[in-house]
Amino acid sequence: MTKSIYDIDPAGNVICTYTAGGGGHGSPDSEKEPSNLRVEITKVPLAKAIFYAFLPAGFPHSVTDDYLSYQTYDSLQAFASSITSLLANRAVLEGLGVGDASSSPTGALILKITGDTISRVATILFAHRMGQAIEPECKFYRFLADLFNDCAQFLDLLTPALPYLPKLSVIVCAGVLRSLCGVAANASKASLSAHFARTGNLAELNAKEASQETIVSLFGMLVGSLVVRMVEDKAVVWMLMVLLVGVHLLMNYRAVRCVRMRTLNRQRATIVFSEWLRSGTVLGLDQAARRESILLKGRGNIASKSGEYTGVCDFGTYGDVMGWNPRGYQRYDFETPTGFYMRIALKEGVGSAGALGAWFDAVNHAWHFDEGLKDGLQSHYENEMPLGYVEDEQKSAIFKALEAKGWDLEANQLETRSPVRVRVGDGKKAPPVLSEKETAHLLAHQETKHD
């Protein structure tokens with residue numbers, strides 16, 4: 001009687017097969033060594049072995065379903081970017097005086113130092129101002145990073161034809177754009193990598209991504225070296241740059257479009273809540289990703305059911321919402337008939353669930369503007385409760401349905417700045433622990449303005 005035992009990798013692939021038989025000692029459950037044990041190592045084709053050398057261990061089970069499609073497009077955009085970088089770097093070297101005997105090395109050094117200094121200051125300022133907004137909007141900032149980089153490369157092409165002072169301005173601007181690109185790209189990639197990693201393999205996933213970028217950049221440099229040697233005419237260089245930048249941005253756009261995030265930022269939360277208000281259906285990750293906009297509607301854009309009333313919602317402070325004259329349940333200052341601005345303030349102790357509930361109330365309230373304002377503004381002010389008000393129990397059921405669809409409700413990605421909470425009572429002492437219902441949200445007041 002024979003019985004086989006297998007060594008498998010995290011993906012379930014058989015690495016080695018052990019076949020034991022004869023004498024009873026070959027039983028897998030025996031504490032003694034089997035009398036007859038055959039070992040057969042699974043042979044992996046060379047092409048497959050090379051392929052898996054650049055993918056996380058256990059692929060595809062160790063990563064999300066959208067990992068491969070994203071990395072494919074990301075590799076294509078990196079290839080195009082490698083070629084454009086060589087063309088841009090050649091133009092910069094020409095602008096700094098390489099090959100020109102009349103050029104001053106000191107002047108070139110001053111240009112370089114000035115550009116680097118200002119770009120590093122820009123790095124600090126951008127990271128301070130936008131650092132917390134990158135993770136909730138990582139798809140937007142991942143695409144924006146390449147827009148910055150491509151604009152910098154077009155500026156580089158101008159340097160050979162400019163005199164000293166304009167050249168200095170162009171080099172500084174290009175350096176600043178590259179600094180913004182570096183901050184946005186690195187931070188957004190970190191957020192995307194955390195999304196892709198499913199089995200606690202974030203470090204290994206980043207290491208394999210570095211390997212992918214290395215091999216793609218190598219091929220890009222080889223092809224780019226041929227292009228740089230063959231293309232000298234300025235007009236042809238500009239045409240080639242436009243073509244390659246177009247491919248670069250298209251591949252980058254397709255890459256971020258493939259990503260199906262599990263967290264609810266402002267745009268995805270608005271999409272999901274609006275669909276529930278429209279049809280009572282809870283959207284899944286794929287459905288929301290298809291409706292998501294990469295460049296637009298990422299800052300809290302909400303609208304009424306008909307789309308006639310449009311505006312922006314944001315989280316603010318107690319002073320923000322109390323600065324308007326009270327009129328009934330809500331506070332308004334209409335400057336235009338259809339544009340509005342909505343502000344939410346949250347009590348101390350409110351977490352991700354409370355912030356998500358407050359955002360649901362804001363979307364729900366704006367959704368019913370068509371009906372609420374049909375008899376005039378004053379009638380809306382006199383309502384004791386907003387039209388379409390949803391009880392806490394029903395909201396809890398909606399959130400449970402969201403979790404069942406795969407949404408991660410624990411991560412608070414609605415607030416894109418340092419969260420501000422309102423403390424009620426003694427400002428020096430922490431208030432008593434509030435119940436879940438009491439910590440829902442303090443205020444959700446609106447002001448309308450012209451956009």
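**Entry 1, D156.** I looked up D156 and found the residue buried, with a relative accessible area of 3%. I count a residue as buried under 20% relative accessible area, exposed over 50% and partly exposed in between, with a 1.4 Å probe and protein chains only. D156 sits in helix 4, residues 138-158. I take helices (H or I, at least four residues) and strands (E, at least two) as DSSP runs, numbered from the N terminus. Setting aside neighbours within four places in sequence, I list A88, A91, V92, A174 and R178 as the contacts of D156; contact means heavy atoms within 4.5 Å.

I am working on a predicted model, where local features need pLDDT of at least 70 and side-chain atom pairs count only at pLDDT 80 or more, while totals for chains, interfaces and linings use all residues. Residues are numbered from 1 along each chain as its sequence is written, and side-chain values use heavy atoms, leaving out hydrogens and water.

I checked the peptide bond from F59 to P60, which is cis, with omega near 5°. Most peptide bonds are trans. P60 lies in the loop between helix 1 (46-53) and helix 2 (67-95).

I note 14 helices and ten strands. Buried residues make up 43% of the 451 residues.
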